[in-house]
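Work through these exercises with the structure in view. Try each task before reading its solution.

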Amino acid sequence: MKRSITDLALFGGPSAFLHPLYVGKPTVGDRARFFARLDWALDNNWLTNGGPLARELEDRIADLAGVKHCIATCNATIALELVLRASGVTGQVIMPSLTFAATPHSASWLGLEPVFCDVDPETGSIDPDLAASLITPETGAIIGVHLWGRAAPVDALAKVAAEHDVKLFYDAAHALGCTAGGQPIGGFGAAEVFSFHATKTVMSFEGGAVVTDDSVLADRIRVMHNFGIERDKTISSIGTNGKMSEAAAAMGLTSLDAFPATRERNRANYSLYRAELHGIPGISLITFDENEENNYQYVIMQVDQALTGLSRDRLQEILRAEKVLAQPYFSPACHQLKPYRTDPPLRLPHTERLSGRVLALPTGPSVSFEDIRRVCSVIRLCASHGEQVNALWDRQGSVTA
Ligand code: T4K
């Protein structure tokens, strides 16, 4: 453990870890089971196009999400595009800017216009009143995001969407296995989208899924994600290739088998982070409603520079030098990204404030309790000596620069 700021790797001390600690290290589960599933697919000579493993994954995800239909896809970005396209959305799509670029990209890719809405400063979720104020005759849909696995304000958004007769969807990339008001995420809005990217709590290398209770929409998306090929093998509409392969489904099923254990481990990690970071002025973790199911896949720390003296970016660099690869999810916010910047710039004060402070810390089953104690001791040391760290940094620079 480091006793003084001169022990920091940034200033020439040994790094706290020999090997990098990642946010989003893949949760594979039982490798033998994965290879057995893969062997089975190879023995069957059936590798994609709605194979039995993809179908099994769809059934299990639909059960988990408490919905009638699940269509497994090659990733969540394509899944969002399929939802928007199959729903006939045109014009503008209102969404938070505090999200991953995939949310606005899915709309832009289809020629739709993302309209960024500010968030509630407490929750980081889209503010429903502000969303309502952005609705115009051009509005085709609202996309809510269950950011970091915390449910968006589903009831208020449903009310806004119903009052203005606007379609409502959710980007649930982070929220598999989470609930809102005790109801599984997956059943809100007209459709929701999960991601099974390698960095997600359940992963299929690359992968995603659309979940919905709308049978007509589900049929349309299933056809559309397979080149527009209907059951009778005719093609009567435009489609794309958004299918999940059997190899991806084998991985997804195996990672899903591990999900209960992963979630428990993530919960324990989160609790330890909270305990270890408790009482450090200017350092806090975003909280989860303990009355809901959460997957705790993201541990999001907020850095208040006014109290720590240290910016989020500097703390991230200090941690990086210690081989702790914390991620600023999501900074810059989407409206600050080059494709979406405007002149004059759109101002979203709550989004900008939050996005300048957040840092995702390593978690998942591969992160040990000892790792977490070490990470937190570095954070404690730096945050309680912010001015001295800045002074030393400005005087001697960083040895890793
Ligand atoms: N909506 C939201 C709200 C999302 O967050 C995302 C994706 C989507 C939609 C779209 O879902 P997909 O179309 O991807 O299914 C990563 C992921 O690529 C992305 O899926 C994810 N969100 C986003 C939050 O994070 P990067 O650019 O940060 O990834 P990268 O390569 O820097 O890796 C992140 C960390 O994970 C690193 O510390 C290394 C570690 N890692 C990564 C990979 C790929 C591993 O340890 N092993 C790996 O195989 O975007």
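Two strands count as paired if DSSP finds at least two bridges between them. Keep in mind that the model is predicted.

**Exercise 1. Find the order of the strands in the open sheet of seven strands, and say which strands form its edges.**

Solution. 
- Step 1: Follow the pairing across the sheet. The order is S2-S10-S9-S6-S5-S3-S4.
- Step 2: Check the sense of the pairing. It is mixed.
- Step 3: Look for strands that pair on one side only. These are strand S2 (69-73) and strand S4 (113-117), the edge strands.
- Step 4: Go from one strand to the next. The twist averages 25°.

**Exercise 2. Decide whether strands S5 and S6 pair in the parallel or antiparallel sense, then find the helix that lies across S5 and S6.**

Solution. 
- Step 1: Recall that strands of a sheet pair through backbone hydrogen bonds, in either sense.
- Step 2: Compare S5 (residues 139-145) with S6 (residues 167-171). The two pair in the parallel sense, over five bridges.
- Step 3: Pick one facing pair. Ile-143 stands opposite Phe-169 in S6.
- Step 4: Look for the helix. Helix H6 (residues 154-164) lies across S5 and S6 and runs at about 150° to S6.

**Exercise 3. Describe how helices H9 and H13 cross, and sort the residues of their contact.**

Solution. 
- Step 1: Take the axes of H9 (residues 259-277) and H13 (residues 369-383). They come within 10 Å and cross at roughly 30°.
- Step 2: Classify the angle. Angles under 35 degrees count as roughly parallel, so H9 is roughly parallel to H13.
- Step 3: The crossing is right-handed.
- Step 4: Name some contact residues. H9 brings, among them, Ala-268, Leu-272 and Tyr-273, while H13 brings residues including Phe-369, Ile-372 and Cys-376.
- Step 5: Sort the contact residues. Nine are nonpolar, one is polar and four are charged.

**Exercise 4. Find the partner of Asp-257 in a salt bridge.**

Solution. 
- Step 1: Start from the total. The structure holds 14 salt bridges.
- Step 2: Search around Asp-257. Its partner is Arg-37, with the closest N and O atoms 2.9 Å apart.
- Step 3: Asp-257 is in helix H8 (residues 246-257) and Arg-37 in helix H1 (residues 31-44), 220 residues apart.

Definitions and conventions
Residues numbered from 1 in each chain as written. Predicted model: local features only at pLDDT ≥ 70, side-chain atom pairs only at ≥ 80, totals over all residues. Heavy atoms only, no water. Axes fitted to C-alpha atoms, helices over the stretch in contact; angles between N-to-C directions. Helix = DSSP H or I, 4+ residues; strand = E, 2+ residues; numbered from the N terminus. Parallel < 35°, antiparallel > 145°, perpendicular 65-115°, else oblique. Left-handed = near helix turned anticlockwise from the far one by under 90°. Contact = heavy atoms within 4.5 Å. Nonpolar A, V, L, I, M, F, W, Y, C, P; charged D, E, K, R; others polar. Salt bridge = Lys/Arg side-chain N within 4 Å of Asp/Glu carboxyl O.
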